[in-house]
Amino acid sequence: MEKLIVSPSPHIHSKVRTKNLMLDVVIALLPTVIVSVVFYGLGELLVLAVSILSCILIEYLITRYLLKKPSTIGDFSAAVTGILLALNLPSTTPWWVVFIGAVVAIGVAKMSFGGLGQNVFNPALVGRVFLLISFPKYMTRWEIPQGLFGADAVSGATPLGAIKEGLMQGGSVSDIMAQHGYSYSQMLFANIGGSAGEACAIAILAGFIYLVVRKVIKPWITLSILGTVAGFSLIFWLANPAQFTDPVFNLLTGGLLLGSCFMATDYVTSPMSTKGGVIYGIGIGFLTLMIRYFGSYPEGMSFAILIMNCTVPLLNNWFHQKKYGRA
Amino acid sequence: MARRTFSMGGIHPSDSKISRECKIEKLAVPPVVYISLSQHIGAPAKPVVAVGDKVKVGQVIGEPGGFMSAYIHSSVSGTVKSIKDTLDQGGKAQPTVEIAVEGDEWLESIDRSDALVADIPADGKAILEKIKLGGIVGLGGATFPTHVKLSPPPGKTCDMLIINGCECEPYITADDRTLRERGAEVVVGAALIKHVLGVAKATIAIEDNKPEAIQNIQKVLSELRGKDPEYAGIEVLPLMKKYPEGGEKQLIDAVMHRQVKSGGLPIDVGAVVQNVATALAVYEAVQKNKPLFENSITVSGECFPHQANVLVRVGTPLRFIIDQLGGVPENAAKIISGGPMMGKAISNLDGPTLKGTGSILFLTREQTKREPEGHCIRCGKCADACPMGLEPFLLYRLYKAGDAAALERNAAQDCIQCGCCLYTCPANLPLLDIISLARGQVMGILKARAVAAKAAAEAAKAKAEAEKAKTE
């Protein structure tokens, strides 16, 4: 007989660890990753590889040599950040720009706050926005998908960018749409310009449904973002369809789906309670739409999420879940 | 059919009821028993025997040491060897009566026949007195003296008696077996308790992973309904399997859709909850004059080859039970008294069983290993799992920050220590360990505040009286 262990209850533990949750996120992102490689080709594969490997490497170096603690790369959270960063970049981004993005995402946004669980802002989004501001040349050069073995890349505007530019030149929404030949089925299944991860709405939604079914995340934040965007854009569109894009267009373009399904639902930087989550989602949806309609950037999802990240500690303080036997 | 359960939190560990087909078997009487005088919540019993006294099975050896206390009976016949502090299962010294066994001579007043006595005596007070004299305590784990629980304070009325047959802890099957093998006696016990409380309705709540038990009780009820009016109004309620359904507050929520206020008692919402084994003990004490001196214990664990449900005399050393069933397995790393979620790790195998001992469970190092602590990723799974609606991640942080006022505001004192948070945490944080400390701290503050308030009220009263005397 071994020496007996005496320790407090409970004596058994669930098999689900941080690692498993992160792996589920990776699995949920796989359809989007595969679709982006198929559409954007080897360039996207390079962006993904550089992003993932540098995120893991930087976290390893910082934990081992700067913090002198056991490495935390085994929990796969750095890999998730790497994938999300890559999916938020154009497939034509040079490798060294991707690397700088990874340094900012992991080194500045995550590790300098204390590592996993301590960061205020979504690391991948901080990396993306840093690159957007620092290297606008690379970050706004969108490629029209040519397929894995397609011809040379053709540059073009994203639907959101085209609309913004067209409106500034005095066109109406329907004219611009017709001019570029955008259709909703195209947006749903891919083949529009944008960040690699924005290529296919169906792939993103499949991953989202997987995460909800596996109970990795709850759907409320995502649904409140989508609901808010749909609701507000409906009001604006009904008021002036020539000036404002319609709800379906807003839901299917830009980073809205990728952001609401995978970035806004990040455990660490979103509120703990359902009530807080819904308010956080409404905030993100509203800010995104305001930036799209009235801001100087064509896309507002990243900024909206980062701004709402700031409110999370407050939302956590204000909203608690209902307790047993208490009003 | 919608599956009913409690409204918030809860977890679904594997129920591991591997001993569910093991019939309850009588275990041999050990050569020596060590009967603790502190087997219940409240004051220890006072011994009424002396060293050298001859005792019979069922004879009183300890009297209640206060209002909140219970009678203790000898579980064997023999000679009292000593009355001294002896180490219990956890290695803590408890006042204990040691009796060397000679034969197996029972008090003549005990009816040892198997015949079911289904008629309910008319005098509720007499039933209550028999429950008190039978030394019956709550066998669901809390060991609260039953006669105290069945005497609601004036002004409080009971709307429903709930018989707790959930047995939501993994591995344990003693209540399941009792419901299947001795269902009729449990139902008569429930009717007796119902009569004492003068309540019209009683619900026997059983989790739906025990279909045979549910069927058996339904069958028994259909047979007994004609025999005494007291059996009308007793129903079986299958509940969805979810831990901790057998927690008193959760069970009241599941059965009655009512919630006990923080710091309140079940009777405040018109509920009295009694365990299945307690109902059986009430039957035996009232109808058969047999006090509580033996109980059913599940001995289980994947590494333990001789799974069993055994009927054991109170005070039997654990080592004796285990040896009768083949000894401690080689690879057992932790032995638990009770279930794997809320049971206590045993450090002393020479410690005796108590009335409330429900199981002996063997776990291997692999099964019970705690992995190294990670970082909280704020996934909120602990808050989703908490059946009291608390936020374990927050309490954990507040305790580490030393913020007692915030701990009280966030209801650390409401923790029922079910362990769902620690079970669930993907980062392996010792949530319950820390929250138990926090709970103790807040309880201490609440108690000190109550004492101070009482003292202040008394001082004010004395002052008012002094002034009144002066003016007169």
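**Entry 1: Val148(B)**

I note at the outset that the model is predicted. I located Val148(B) in helix α2 of chain B, which covers residues 146-149. Leaving out residues up to four places away in sequence, I found that Val148(B) touches Phe67(B) and Met68(B). I also looked up Leu37(B), which is 111 residues from Val148(B) along the chain; the C-alpha atoms of the two are separated by 18 Å.

**Entry 2: Asp414(B)**

I next turned to Asp414(B), which lies in the loop of chain B between α12 (404-409) and α13 (420-424). Is Asp414(B) buried or exposed? I recorded Asp414(B) as buried, since its relative accessibility is 8%. I then listed the contacts of Asp414(B), setting aside neighbours within four places in sequence: in chain A they are Tyr324(A) and Arg326(A), and in chain B they are Ser262(B), Met388(B) and Leu390(B). With Arg326(A), the side chain of Asp414(B) forms a polar contact of 2.6 Å.

**Entry 3: α11(A) and α14(A)**

Lastly I examined two helices of chain A, α11 (residues 220-239) and α14 (residues 274-294), which pack with their axes 7 Å apart and at an angle of about 40°. Which hand does the crossing of α11(A) and α14(A) have? I recorded the crossing of these two helices as right-handed.

Key: Residues numbered from 1 in each chain as written. Chains lettered and ligands numbered in written order. Predicted model: local features only at pLDDT ≥ 70, side-chain atom pairs only at ≥ 80, totals over all residues. Heavy atoms only, no water. Axes fitted to C-alpha atoms, helices over the stretch in contact; angles between N-to-C directions. Helix = DSSP H or I, 4+ residues; strand = E, 2+ residues; numbered from the N terminus. Left-handed = near helix turned anticlockwise from the far one by under 90°. Buried < 20%, exposed > 50% of the residue type's maximum accessible area, 1.4 Å probe, protein only. Polar contact = N/O pair within 3.5 Å; in protein donor to acceptor, adjacent residues only side chain to side chain. Contact = heavy atoms within 4.5 Å.
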